[in-house]
Amino acid sequence: MPKQIWLLVIATTVNVTGASFLWPLNTIYMHNELGKSLAFAGFILMLNQGASIAGNLLGGILFDKFSPYRTILYGTGLAMIASAVMVLFHQDIVVYSISLVFIGFGSGITWPVMFAMAGSIWKEGGRRAFNAIYVAQNFGVALGATLGGYVASISFNYIFISNAVLFFSFFLIVLFTFKPMDSSIDRQMHTTVLKQHGTMKDKTAFVALLILCGGFLVTWIAYSQWQSTIASYTQDLQIPLELYSSLWAINGFLIVLGQPLIKWITKKVTSQKMQIYVGNTIFLISFLIALLSETFSVFAIAMVILTVGEMLVWPAVPTLANDLAPHGRTGFYQGIVNSVGAAGRMVGPVLGGIVVDMFNIELLFFILFALLIIPYITTSVYDRGIALKRKME
């Protein structure tokens, strides 16, 4: 990989390690420590992800129109300040909630720029460029989750301190190493999200992106249950907090160590569409096992299966988005993909929390099974408009 991709990988790992001290435990902290309902915790996470969507769109705009270096610097600077406030006032639910919103907005600005930079700097890398960032994210998840559960079992105070320190470290890495990347970015400095609708003479590719992202939204709604309702469910089953966090350590380390397996699978299954079909089927199997789980070991098996599915689906969607993007709109398209993922993480916890509070977690699983039929349909039809256009040409 190019040296600049390695810098993106290192920075991503540091950033996500810090965030992973916090996000797997948000629902547990609000529900178990602050005494709030699952629906309330889901609502706060919805606000967090709503802010992340706004940040994703803004980040995509600024990549195409402004400076990637300054965009990431401002975004992570905002998240760093919010995490510092959280260190001091996390026992106040109002300040905690507002800090989460600002962390979501600041981090949201950062991610589409990171993905767009990877795709633009290493164009010949194709899927490998996005997979490198994805693997780095999950190595950070593994490190943060491994340490986070044990740290939280001592004191939640240390969780917030660790989160703030690593956000600050990420800020320093960006400040001192990212500026030269501005000159390496291949982009057309004229596109904004507000002008996008009016300036697109041919909206075929954009419509294809939205259809593809419809299925992506559903997979994230389902996946986010592991960070919210299933997290709380494991506590109801008396599974220790550090063991729940170790599920995310399994997830992260498996993604890193499982890359040779994924490389072998993607060589055999070269179609990105087929990779999504296979990955979505694996998601369904993992949720079926989670429905039947009552012990940590069975949850761990479900997490292993879930992880294999996400290794196929998560990098495939930004890769297809990159292929669909017209010249000069890479940042915008990656912003849409990141925003849709954030929307799934926004809707998922509040939807799951309401269903579990009003009914039970078994009903939630059956709803998820029904929803996970949708990605098969959207993946199958998203590019039909493009194929028809090519035939007519």
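Is aspartate 383 buried, exposed or partly exposed? Aspartate 383 counts as partly exposed, with a relative accessibility of 24%. Welcome to this structure, which is a predicted model.

**The salt bridge**
- Searching the whole structure turns up 1 salt bridge.
- Its partners are lysine 273 and aspartate 383, whose side chains meet at 3.2 Å, N to O.
- Lysine 273 belongs to helix α13 (residues 272–291), while aspartate 383 sits in the loop between α17 (374–381) and α18 (384–392), so the pair ties together parts that are 110 residues apart in sequence.

**Two helices side by side**
- Helix α18 also packs with helix α9 (residues 204–223): their axes are 8 Å apart and the angle is about 155 degrees.
- Because angles over 145 degrees count as roughly antiparallel, α9 is described as roughly antiparallel to α18.
- On the α9 side, Thr204, Ala205 and Ala208 make the contact, and on the α18 side Gly385, Ile386 and Lys389 do.

**The nonpolar core**
- The largest nonpolar core contains 118 residues.
- Leu8, Tyr96, Met117, Phe178, Leu209, Trp226 and Phe287 are the residues with the most contacts inside this core.
- Helix α14 (residues 296–324) supplies the largest share of the core, with 15 residues.
- Setting aside residues up to four places away in sequence, tryptophan 226 touches Ala231, Tyr244, Leu247, Trp248, Phe287, Ala290, Phe299, Ala302, Met303 and Leu306.

**Isoleucine 72**
- You can find isoleucine 72 in helix α4 (residues 68–89).
- Isoleucine 72 counts as buried, at 0% relative accessibility.
- Beyond its neighbours within four places in sequence, isoleucine 72 is in contact with Thr110, Val113, Met114, Met117, Phe170, Val174 and Phe178.
- Proline 112 is 40 residues from isoleucine 72 along the chain, and the C-alpha atoms of the two are separated by 9.6 Å.

**Threonine 17**
- With a relative accessible area of 8%, threonine 17 is buried.
- Once neighbours within four places in sequence are left out, the contacts of threonine 17 are Gly140, Leu143, Gly144 and Leu166.

Conventions: Residues are numbered from 1 along each chain as its sequence is written. This is a predicted model: local features need pLDDT of at least 70, side-chain atom pairs count only at pLDDT 80 or more; totals for chains, interfaces and linings use all residues. Side-chain values use heavy atoms; hydrogens and water are left out. A salt bridge is a side-chain nitrogen of Lys or Arg within 4 Å of a carboxyl oxygen of Asp or Glu. Helices (H or I, at least four residues) and strands (E, at least two) are DSSP runs, numbered from the N terminus. Buried means under 20% relative accessible area, exposed over 50%, partly exposed in between (1.4 Å probe, protein chains only). Contact means heavy atoms within 4.5 Å. Axes are lines fitted to C-alpha atoms, for helices over the stretch in contact, and angles run from 0 to 180 degrees between N-to-C directions. Angles under 35 degrees count as roughly parallel, over 145 as roughly antiparallel, 65 to 115 as roughly perpendicular and the rest as oblique. A nonpolar core is a set of buried Ala, Val, Leu, Ile, Met, Phe, Trp, Tyr and Cys residues joined through side-chain atoms within 4.5 Å.
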